[in-house]
Amino acid sequence: MRQLLQLHAHLITSPPPPDAVDPNVVAVKLICAAAARSNPRHAALVFSALPAPNLVVWNSLLRVLALHHLHPVALRHFRRLLAAGSPLPDEFTFTSVLKACAGILSRPDGEMAHALVLTRGFDSNLFVRNSLVDMYFKFGRPDDARCLFDEMITRDVVSWNTLVSGYCSCGDIAMARKVFDRMSERSMVSWSAMIAGHARSGDLGAAREVFDQATEKSVGCWNAMISAYAQNEKFSEAIALFHRMLQIRTVQPNEVTLVSVLSACAHLGALDLGRWIDGFIERRAMGLSLFLGNALSDMYAKCGCVAEARSVFEKMAERDVVSWSIIITASAMHGHAEEAISGFHRMLESGVNPNDITFMGILSACTHAGLVDAGLCYFDMMTEEFEIVPKVEHYGCVVDLLSRAGRLDQAEDLINSMQVAPNVIVWGALLGGCRIYKDINRGERVVQHILELDPGHSGSYVYLANMYVSMGRLEDAAKFRLMMREKRVVKTPGCSWIEVDNMVHEFFMGDRSHPQSEKIYSMIRTLSLRMKLVGYVPNTSLVSQSIDEEEKENVLSMHSEKLAVAFGLISTRDGTTIRVVKNLRVCNDCHEAMKVISRIVSREIVLRDRSRFHHFKEGQCSCKDYW
């Protein structure tokens, strides 16, 4: 891009004679070159400097804007072309314009463009007709799209692919399959469309069956299947398929592949693979586009590497509200409230307005740091200054903020004044405050609200059972445990993941399925003895079963995150940071145990639970025991 700008500057300062080179020809080449370097804004700048652009220049610009999803800008330029009265649009103009109308679901513009197609006599053009079929499918009008397809005198493989993709996008997999089976020639686009149509309907088995049937798999097929796994939370399967893709020399991952795999890495905490992808991007000189940069930054943030996430962010040539939200949320999750707040104000100074996700990040930062008044100010700013309607998640965050600070009356008043119906998460945040401050009467009332919304909510039964045990009301505790059995209420099993040597290992509570179980449990026993020698006392009050103290200690020692840490200790070199991801909130006992383990083994332990990161080092936690 730097060389292109230099060349453009030279053309401006030392222009060739008008009779030697047509300015329109030069403009088309500059527009296409800028677009190829993902800089459509520079392409538009080149266009704006022309006093009398011809139709080829207009079409080049419209194509670039449509390809880069700048659909409103494309339609704005199309209206300028029509207002000028000359040159008149042709079939190439309309293919870009119809794509733009479809991209922003602008039905009035689409119908106007269709009318102009008919007026100008381009309705029988193959490329225009394919664009019309695609547009009407995206408008949710499959009957109109099919009618246009059936009227086509000539069809190519793109026509059939458009029909298959259109039915898949409308959710009509059965009709898409009928069309797919009728196709005499199937391209990689049609195979990819069928795979994607089965991620969207949630039928991963059928999607994999289609993927396996494709004899020659393009990068599009691989991308469709990998993203299907990632979008349906089958992250291990997405990574496994990516590894298989790397073994095939005939196809190479592209930006779309890497974005999907980075998403899977982020969810599983697969830092080693994420770092390998970072190196792959650098080795291939791929450049950090907006989407790839956001995915890479998000991966580092969710794997506990905030410094690396910020480094990626700073290297990005273009940043949007997603980019800023990732960094703000990352700072919040790691307990760096000051950095989150600073990033929020930097974003405003750069001219980027926050969205609802940005405010979730800044509210979370205030919650984890106990900044109650600041959090309430940002909540007011969201509604009053930026006119963003709070979602139930925002209310849940503020209720959590107030509840953690002991302002339970204020938290309950906020719930009762919500503009949307409170859900289990909102009431659960208040229940968390009741647990911290041992407000049993309010807790019983909150549990009733939760069970009305979700009769199978295991956390409510466990909360009351544990509270009753702590108060010596053993009969009441037994009643709730019996009620859980009678209603077949099952606790969400704790699950933890740890990556070692590019492989993600999964552990459940009491898990003995791992090949190295004997060594893992031997390490658990060793740790337990060493921890007690330095004063650790297991918090057996968290175990609600009617068993003796020794058995309760044994239950606590088998929590999934402890198994993952034990595996990390036997599988990595001394001094290596251990990184674990857990699907639930870390319990008080495991939190205390991790602090002790980090001190006695001289290791840093990074644990990401359901709501935040905990960095354990030398017997301390980054959350300062406020989580």
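## Strands 5 and 6

Lys617 has Gln620 as its bridge partner in strand 6, and Phe616 is paired there with Cys621. Strand 6 covers residues 620-621 and pairs with strand 5 in the antiparallel sense over two bridges. Two residues separate these strands in a hairpin, and Glu618 in the turn has a positive phi of about 50 degrees. Two strands count as paired if DSSP finds at least two bridges between them. Strands (E, at least two residues) and helices (H or I, at least four) are DSSP runs, numbered from the N terminus.

This is a predicted model, in which local features need pLDDT of at least 70 and side-chain atom pairs count only at pLDDT 80 or more, while totals for chains, interfaces and linings use all residues. Residues are numbered from 1 along each chain as its sequence is written, and side-chain values use heavy atoms, with hydrogens and water left out.

## The sheet around strand 5

On the strand 4 side (residues 605-608), four bridges make an antiparallel pair with strand 5. Val606 has His615 of strand 5 as its bridge partner, and a hairpin of four residues links strand 4 to strand 5.

The six strands form an open sheet in the order 2-1-3-4-5-6, with mixed pairing. Strand 2 (503-508) and strand 6 are at the edges with a single partner strand each, so one side of each has no neighbour in the sheet.

Strand 5 (residues 613-617) is largely enclosed by the rest of the structure, because four of its five residues are buried. Buried means under 20% relative accessible area, exposed over 50%, and partly exposed in between (1.4 Å probe, protein chains only). Helix 33 (residues 588-600) lies across strand 4, strand 5 and strand 6, at about 35 degrees to strand 5. Such angles run from 0 to 180 degrees between N-to-C directions, with axes fitted to C-alpha atoms, for helices over the stretch in contact.

## Ser496 in strand 1

Ser496 belongs to strand 1 (residues 495-500) and counts as buried, at 0% relative accessibility. The side chains of Ser496 and Ser560 are joined by a polar contact of 2.8 Å. The Ser496 side chain also reaches the backbone nitrogen of Glu561 at 3.2 Å. A polar contact is a pair of N or O atoms within 3.5 Å; within protein, one must be able to donate a hydrogen and the other to accept it, and residues adjacent in sequence count only if both atoms are side-chain atoms.

Beyond its neighbours within four places in sequence, Ser496 has contacts (heavy atoms within 4.5 Å) with residues including His505, Phe507, Ala564 and Val581.
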